[in-house]
Every structure is written in C-alpha cells, then in structure tokens.
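Have a look at the structure first, then go through the notes below.

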Amino acid sequence: MTAPVAFGDRLHGALERYGRLCVGIDPHASLLDQWGLDDTAAGVREFGLRVVGAAAGRAGIVKPQVAFYERHGAAGYVALERVLAEARDAGLLVIADVKRGDIGTSVDAYGEAWLRPGSGLESDAMTVSAYQGLGSIESVMRRADATGKGLFVLSATSNPEAAAIQRAVLQQSSREGSTVAGAICSGVAAWNAAREDAADRPFGSIGVVLGATVDLAASGIDVSADPAEPVLPVLAPGFGHQGADVRDLEAIYGTLSAGVIVSESRSLLGAGPDGIAEAIVRRADEIGAARV
Ligand SMILES: O=c1ccn([C@@H]2O[C@H](COP(=O)(O)O)[C@@H](O)[C@H]2O)c(=O)[nH]1
C-alpha cells in the first residue's frame with residue numbers, strides 16, 4: 001500500500017496554489033435568512049454546498065463550523081457529511097472545526113470519526129483542544145500522521161476571555177514556566193520536528209490555532225524566535241469580522257507568518273449567495289497583496 005501524502009505537504013500545495021485564504025462555512029441563523037434559506041438541516045446543507053461551489057477553484061481550504069450543523073441533530077450531521085464530501089471531491093482541503101478534547105482514548109475516537117479514511121465525516125484536518133494535557137492528544141496526533149491527516153491544536157484563541165486561562169503558567173511539566181498557549185505551540189512544533197521524515201517536509205502536519213486578535217507575546221509565544229522547521233501551520237481566525245487587519249499579518253505573527261492560514265467566515269458569507277464567489281476572489285487578492 002502506498003503511504004498517504006502528508007497533510008503538511010497538501011497544505012503547502014494548497015497555499016502555494018491559492019494563497020492563504022480559508023473560507024469558513026458557518027451557517028448562522030441570520031446568514032441563512034439573508035441567503036433565503038430555512039434554518040433547517042436542508043437549509044444548512046444548501047448553504048454549505050453553495051459555499052463549496054463558490055470556493056472551489058478560488059480558494060484552497062474551507063473550514064466548516066460543525067456547531068451550526070450539530071444544531072440540527074442527526075439530520076444536521078447527514079447534511080454536513082454531504083458538504084464535507086462535496087468539498088473534498090472539489091479538491092478543497094477541509095478543516096472540520098470541531099474543537100474536540102478529552103482523555104486520550106476518547107480523543108482518538110473523535111479522530112476516528114473525523115479523520116479516518118472512508119468515515120462519513122472524513123475531513124482533511126480537525127481542530128482539537130489539549131487543555132487536558134498535550135499527552136491527551138498524542139494518539140490522535142499519531143493517527144493524523146499515519147493517515148495523511150492534520151490537526152490544529154487550540155493555543156491562543158481569538159476570543160478575549162480566553163487569555164486568563166491560556167496565559168496561565170505551567171507547573172509540574174517539562175515546560176514549567178511556559179504559558180499554556182506557549183507550551184502548546186512549542187510542544188506541537190517539537191512533535192513535527194521529531195517526525196522521521198521531518199527534514200523532507202516543508203510544513204508539519206500538526207498545527208496550532210492562534211487568533212489574529214491576540215497579543216501573542218503577552219500569551220507567551222515568541223514571534224521573533226527562529227522559524228520552526230518544518231513550518232508550523234497556524235490556523236488564524238480573527239481577521240475580517242473580528243477586526244484584525246490582514247495588512248498586520250507579519251506584525252502579528254512574525255517568524256510564524258509562513259504557516260498562517262487566514263480563516264474568515266462572516267466577512268465573506270455576508271456577501272450573500274450571489275456575491276460570495278466574488279468576495280472570495282477579492283479577499284484572496286487582498287491577502288495576496290499583503291503577502292509577507
Ligand atoms: O480562536 C478561534 C478559534 C476558532 N474560531 C472560529 O473561527 C470562525 C470565525 O468566524 P468569523 O465569522 O470569521 O469571525 C468561527 O467558526 C469560530 O468558531 C474563532 O473565531 N476563534
């Protein structure tokens with residue numbers, strides 16, 4: 001059996017071809033209304049399929065926010081399965097924004113749901129939480145590496161109320177003295193660097209979530225340190241609707257900039273069903289113009 005292509009390689013290819021933009025698929029009730037769709041499982045399916053149609057060939061990555069599908073129970077999941085499959089069939093890299101975390105065996109079961117080839121919910125990557133300890137996600141990191149999938153581990157999230165916990169300083173750890181956010185970043189970078197084939201990889205397959213609205217230095221993340229090798233993928237919500245300016249990308253992310261994926265939802269989706277394709281092209285151009 002041939003080995004799967006590493007997620008980091010596929011991510012690198014998508015960024016080279018289409019640039020950094022990741023199109024969020026967040027069917028908020030207000031957006032469904034604006035798009036002339038019902039807030040039902042059928043409505044969120046149609047919304048997702050239209051976003052996928054608009055993103056295909058214009059952006060490299062989509063990020064469905066699973067919560068908006070989960071609102072509709074089992075029917076919402078059936079709708080989501082269809083959206084995920086269409087997106088992957090269209091050649092888009094799919095990051096399922098599920099933010100799962102638990103003890104190791106349970107996190108691995110989440111990994112089986114979202115990352116196992118052939119699973120109904122199969123995605124290319126998923127978001128996970130390591131707030132039960134980095135060791136709690138080790139089995140899912142192994143699973144991701146073995147199956148050519150990726151993970152984005154929450155580190156410093158874009159919501160302001162996260163700082164109190166994410167800036168807390170670790171005790172009883174080999175990373176004692178680091179903040180929670182900093183330890184997650186350095187732990188993930190170290191994981192990527194320790195892979196057997198790390199030297200041949202442009203990007204690691206395990207990344208972190210670092211909000212663009214965050215003062216990363218104050219969160220204990222040194223954005224002037226030597227860049228990680230391989231490049232650390234950074235899923236970056238917070239641009240667009242949440243107020244961060246893409247022209248500040250390098251100032252925000254410094255030496256982490258090479259791995260930054262600009263994830264925007266409402267700022268694009270608000271263009272409506274007739275304007276979304278054009279909004280994606282315009283935003284991808286703006287981000288490209290602000291290239292670092
Ligand atoms: O720190 C985080 C982690 C995830 N998100 C998610 O990203 C999108 C942002 O949507 P916008 O409309 O572009 O604000 C949404 O799905 C969040 O759940 C985040 O915002 N911050």
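Asp197 sits at 31% relative accessibility, so it counts as partly exposed. Its side chain meets that of Arg201 in a salt bridge, 2.5 Å from N to O. Arg201 is partly exposed as well, at 23%. Keep in mind that this is a predicted model.

**Salt bridges overall**
- The count of salt bridges comes to 20.
- One network, built from salt bridges that share partners, takes in Arg10, Arg88, Glu122, Asp124 and Lys149.

**Asp39 and Arg71**
- These two side chains form a salt bridge, with N and O 2.8 Å apart.
- Asp39 is in the loop between helices H2 (29–34) and H3 (41–55), and Arg71 is in the loop between H4 (67–70) and H5 (73–89), so the pair ties together parts 32 residues apart in sequence.
- Asp39 is partly exposed at 32%, and Arg71 is partly exposed at 40%.

**Arg100 and Glu70**
- Here the closest N and O atoms of the salt bridge are 3.1 Å apart.
- Arg100 belongs to strand S3 (residues 93–100) and Glu70 to helix H4, so this pair links parts 30 residues apart in sequence.
- Arg100 counts as buried at 15%, whereas Glu70 is partly exposed at 35%.

**Ala144**
- You'll find Ala144 in helix H7 (residues 138–147), and at 0% relative accessibility it counts as buried.
- Beyond its sequence neighbours up to four places away, Ala144 touches Leu115, Lys149, Gly150, Leu151 and Ile206.
- Ala6 is 138 residues from Ala144 in sequence, yet their C-alpha atoms are 8.8 Å apart.

Notes:
Residues are numbered from 1 along each chain as its sequence is written. This is a predicted model: local features need pLDDT of at least 70, side-chain atom pairs count only at pLDDT 80 or more; totals for chains, interfaces and linings use all residues. Side-chain values use heavy atoms; hydrogens and water are left out. Helices (H or I, at least four residues) and strands (E, at least two) are DSSP runs, numbered from the N terminus. Buried means under 20% relative accessible area, exposed over 50%, partly exposed in between (1.4 Å probe, protein chains only). Contact means heavy atoms within 4.5 Å. A salt bridge is a side-chain nitrogen of Lys or Arg within 4 Å of a carboxyl oxygen of Asp or Glu.
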